[in-house]
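Please read it alongside the sequence and the model.

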Amino acid sequence: MAATRALPAGSDRNADALAMIRTVAPSSELDGAARHLERLCTAATEGLGLLGAAVRLLQPGGTAGVTVAARETPAGLVDIEFDVGEGPGEKCYAQSRPVLVSDLAGRDGTEWPGFQHAAVEQGVAAVFAFPLHLGAVSLGTLELFSPQTGPLTSEEVSLARAFAEIGVVVVLDGHLTDSDGGLSPGFERAFEHRADIAQAQGMVMVDLGVSLVEAISRLRAHAFATGDSLSDLARKVIEGYALPADDGRSDDLDPIR
Amino acid sequence: MISTNRMAEVFVAVADTLVGDFDLIDFLHGLTLHTTEVTGSPAVGLLLSDDSGGLSHVAASSEDAQLLELLQLQHSEGPCVECMATGRPVVEDLAAGGDRWPNFSPIALAAGITHVHAFPLRLREEVIGALNIFASADEVLETDDSRLVQSLADMATIAIVQERAITRAETLTEQLQFALNSRVVIEQAKGAVARGLGIGVEHAFEILRANARRQRMKLTELARLVVTDPDALAKLRPLPE
């Protein structure tokens with residue numbers, strides 16, 4: 001069957017979100033992924049009319065982690081889930097699904113009384129948590145704090161998902177930044193969702209004896225280094241080739257048998 | 001013509017798996033297998049809307065069926081894409097040589113598919129996905145058959161709504177996103193199992209399903225374990241003879 005390049009679903013939304021992020025000037029106080037995640041949160045806050053937004057990067061188990069928040073996020077919200085020890089983000093991370101609470105003060109929010117109390121006090125009326133995940137790799141959450149009750153429209157949901165998806169790429173592909181710290185023009189190419197790419201991720205994990213998240217990064221790095229699309233590289237892997245064991249960026253593919 | 005008795009058996013079998021704590025992806029995969037069985041079609045696939053206009057593949061009766069689904073997604077054309085857009089069943093005779101789907105049709109024809117059918121997964125006013133039947137010349141569905149297959153599509157919708165009680169629009173969004181990411185988890189695990197055991201991905205999927213049953217685990221949970229815990233991969237057993 002032909003293996004032409006896939007246009008990922010919702011690609012326009014990703015482009016919109018990326019354009020919004022690029023309008024936010026990078027902070028000089030942050031480096032690497034954190035710098036872009038802060039821009040992402042700020043863009044989401046402005047684009048979706050929020051009180052604030054935060055990306056939490058978590059370790060398996062959901063305990064330790066770091067938080068990066070939009071600049072305008074009220075200080076009390078930034079680490080609110082760590083502070084009160086519960087909240088929709090925790091559920092979102094544990095279950096690997098979005099948790100959308102459109103009326104925090106109402107019945108929807110009573111699952112987390114401590115969070116509900118603290119967040120409402122900060123002016124939050126609705127909270128929407130989206131997982132930063134890629135299959136079995138769970139990196140953390142993007143939490144959006146809204147000053148108004150009511151559900152996100154489907155447009156807003158897709159924009160929020162696009163921000164979460166970009167967050168995943170920022171975390172996985174630290175190398176996709178320009179020398180001046182901007183997001184590289186090749187960044188868009190990181191969004192490809194195909195069954196064969198996911199299969200190749202599992203294969204690289206076993207071939208190289210690395211974690212799944214490492215396998216994903218290696219595949220992406222190799223695709224960027226060689227100029228292959230992720231789809232094309234995935235097909236080669238499925239057909240029996242293994243990435244080089246060293247840094248994943250060599251131009252050569254090694255046959256495994 | 002689909003046998004009514006056979007259909008009744010399938011409904012009982014499907015309903016039996018729709019109770020308690022079932023795995024959505026596993027259920028939908030089983031449904032595509034049942035659909036191939038009652039229709040005699042070689043390939044059946046299921047796509048879900050990702051709730052923002054995009055479509056994603058979620059279940060297929062075989063790797064070939066999966067490729068036919070992905071082909072439609074790649075080119076944004078084909079019976080499933082059209083069914084999603086219109087909310088109505090789609091029937092097309094590819095061999096008649098129309099140019100309705102210039103990218104999809106030639107490749108499907110080359111794979112021996114002459115007739116395609118797509119049935120919407122409808123939830124109230126929304127179309128949340130589509131069930132695709134890829135048939136060869138001697139397995140064309142008759143009108144009465146179409147009604148029966150539509151009811152299988154309705155079973156898929158029920159399962160999606162049922163797995164977690166969907167009481168509000170937001171829960172549907174959460175559920176669809178979860179289902180689509182679960183599919184990615186399963187593809188990652190298929191890749192790991194295929195390389196770990198030196199077998200093809202289709203066989204790898206069968207091994208995952210069989211082991212999930214044996215260990216009384218949800219398919220998605222086992223798949224997640226296989227790609228996060230090396231021991232879980234080592235413990236998988238081959239299929240019984």
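## Extent of the interface

Buried area is the accessible area, taken with a 1.4 Å probe, that two parts lose on being put together, summed over both. In this predicted model, about 3400 Å² is buried between chain B and chain A, and carbon and sulfur atoms give 57% of that area. On the side of chain B, the residues that lose the most area to chain A are B:Gln74, B:Gln188 and B:Arg195; together they account for 23% of what that side buries.

In terms of contacts, 39 residues of chain B meet 46 residues of chain A.

One salt bridge is counted between chain B and chain A. B:Arg195 forms a salt bridge with A:Asp207, with the closest N and O atoms 2.9 Å apart.

Helices H3 (63-75), H7 (169-197) and H9 (219-228) of chain B each supply at least two residues of the side that touches chain A. H7(B) gives the most, with 17 residues. By residue class, this side of chain B comprises 15 nonpolar, 13 polar and eleven charged residues.

## The second largest cavity

The structure holds two cavities of 30 Å³ or more.

The lining divides into five nonpolar, no polar and four charged residues.

Conventions. Residues numbered from 1 in each chain as written. Chains lettered and ligands numbered in written order. Predicted model: local features only at pLDDT ≥ 70, side-chain atom pairs only at ≥ 80, totals over all residues. Heavy atoms only, no water. 1 Å grid on protein atoms, 1.4 Å probe; cavity = no way out; pocket = protein on both sides within 12 Å on 5 of 7 lines; lining within 4 Å. Points joined across faces, edges and corners; volume = space filled by probe spheres on them. Nonpolar A, V, L, I, M, F, W, Y, C, P; charged D, E, K, R; others polar. Contact = heavy atoms within 4.5 Å. Salt bridge = Lys/Arg side-chain N within 4 Å of Asp/Glu carboxyl O. Helix = DSSP H or I, 4+ residues; strand = E, 2+ residues; numbered from the N terminus.
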